[in-house]
Amino acid sequence: MAAKRQALGKGLNALLTDSSTDITGRNTVPLKNISEIAINDIEANPFQPREKFEEEKLDELVESIKIHGIIQPVTVRKIGYGKYQLISGERRTRASIRAGLKNIPVYVRVADDQQMLEMSLIENIHREDLNPIEIGISYKRLVDECNLKQEDLASRIGKNRSTINNFLRLLKLPDEIQIALQTKKITVGHARSLITIDDKNRQLEILKIILLEKLSVREVEEMVKGKKTSKRPIKKKTTVKKFERFIEIENDLSKKFDTKVRIKSKQGVKGDILIHFKNKKEFEIIASLLNKT
């Protein structure tokens, strides 16, 4: 766990664990910069970037807490006398409530809304189960909402600027490709190859080929460069010119029955004549006219 904290960056680490930011109140029990407070006194994090919690893994954590308790304290900020707001550790808090705990160990820290959002997003980035699009969205929020430059963000989370830029570029892909990446139908390697294509329609066309033929990243790279073609090229719809005689008959019958008439035929050899009617009354009129012919 220490390695994970180090990766969060110096500035964030100080806010999460440094005693100089500790504001333990009179109603808490200090435990070497860690306090123990009632779960009912902790509000949810309004900036929580995580939308889904896997129930199976949450249940596993509940069982672990019942046996071992909370190994890593959650982090909160004080918002009033005896009232706190969660900064990080929502999953642990939810599991503690399910496990029946009344109190929970916490770090009580000083943090304004900007710092709280930043801490929540950065902690979220270091989850193991995030997909590339979720990581890209978190990076974008840190850049846009926390006013962080890519260089500053890189130093805070221990990543290269190029890595951050690569994840941000994924958000420029069409929705269909982003969904395929989120659902693990394609890999980041596939997506990065598609990014190099300027034409959105071409990107989606190659996505279909990837899914149909289960192409490797290398094969997609070759296809993008024009060195490889699809084994099953996507068929384009072709329009068949209708015989002029059919058009004349359609028009004549449409006028006669006062409704739409269409002739469907393959090369003029065989086919169907379709006469449309809106209701029973219209059907009876058409039937009557057909009987008179």
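**Burial, ring pairs and helix packing in a predicted model**

At a relative accessibility of 27%, Lys78 counts as partly exposed, a class that lies between buried (under 20% relative accessible area) and exposed (over 50%), as judged with a 1.4 Å probe and the protein chains only. The structure is a predicted model, in which local features need pLDDT of at least 70 and side-chain atom pairs count only at pLDDT 80 or more, whereas totals for chains, interfaces and linings use all residues. Residues are numbered from 1 along each chain as its sequence is written, and side-chain values use heavy atoms, with hydrogens and water left out.

Lys78 belongs to strand β4, which covers residues 74–80; helices (H or I, at least four residues) and strands (E, at least two) are DSSP runs, numbered from the N terminus. Between the C-alpha atoms of Lys78 and Val108 the distance in space is 6.7 Å, although 30 residues separate them in sequence. Another partly exposed residue is Asp129, whose relative accessible area is 30%, and which is found in the loop between α5 (113–125) and α6. The C-alpha atom of Asp129 lies 9.8 Å from that of Glu54, and these two residues are 75 residues apart along the chain.

For the protein as a whole, 14 helices and eight strands were assigned, and 38% of the 293 residues count as buried. Among contacts (heavy atoms within 4.5 Å) with a separation of 6 or more, 62% are accounted for by residues 24 or more positions apart. The accessible surface amounts to about 18900 Å², and 50% of this area belongs to carbon and sulfur atoms; accessible areas come from the Shrake-Rupley method with a 1.4 Å probe, and for residues only the protein chains shown count as cover.

A pair of aromatic rings is described by the distance of the centres and the angle of the planes. Two aromatic pairs are present in the structure, where rings of Phe, Tyr and Trp (its six-membered ring) pair if their centres lie within 6.5 Å, and planes under 30 degrees apart count as stacked, over 60 as edge-to-face and the rest as tilted. The ring centres of Tyr139 and Phe167 are 5.7 Å apart and the planes stand at 80 degrees, so this pair is edge-to-face. Because Tyr139 lies in helix α6 (residues 132–144) and Phe167 in helix α8 (residues 161–170), the pair ties together parts that are 28 residues apart in sequence. Both Tyr139 and Phe167 are buried. Phe277 and Phe283, by contrast, form a tilted pair, with 5.1 Å from centre to centre and 55 degrees between the planes; Phe277 is partly exposed at a relative accessible area of 45%, and Phe283 is partly exposed at 39%.

Helix α10 (residues 188–195) contains Ser193, which is buried, with a relative accessible area of 7%. When residues up to four places away in sequence are not counted, Ser193 touches Val217, Val220, Glu221 and Val224. The axes of α10 and helix α11 (residues 200–213) come within 10 Å and cross at roughly 150 degrees, where axes are lines fitted to C-alpha atoms, for helices over the stretch in contact, and angles run from 0 to 180 degrees between N-to-C directions. The helices α10 and α11 are therefore roughly antiparallel to each other, given that angles under 35 degrees count as roughly parallel, over 145 as roughly antiparallel, 65 to 115 as roughly perpendicular and the rest as oblique. The crossing of α10 and α11 is right-handed, a term used if the near helix is turned clockwise from the far one by less than a right angle, and left-handed if anticlockwise. His190, Leu194 and Ile195 of α10 make the contact with Gln203, Ile206 and Ile210 of α11.
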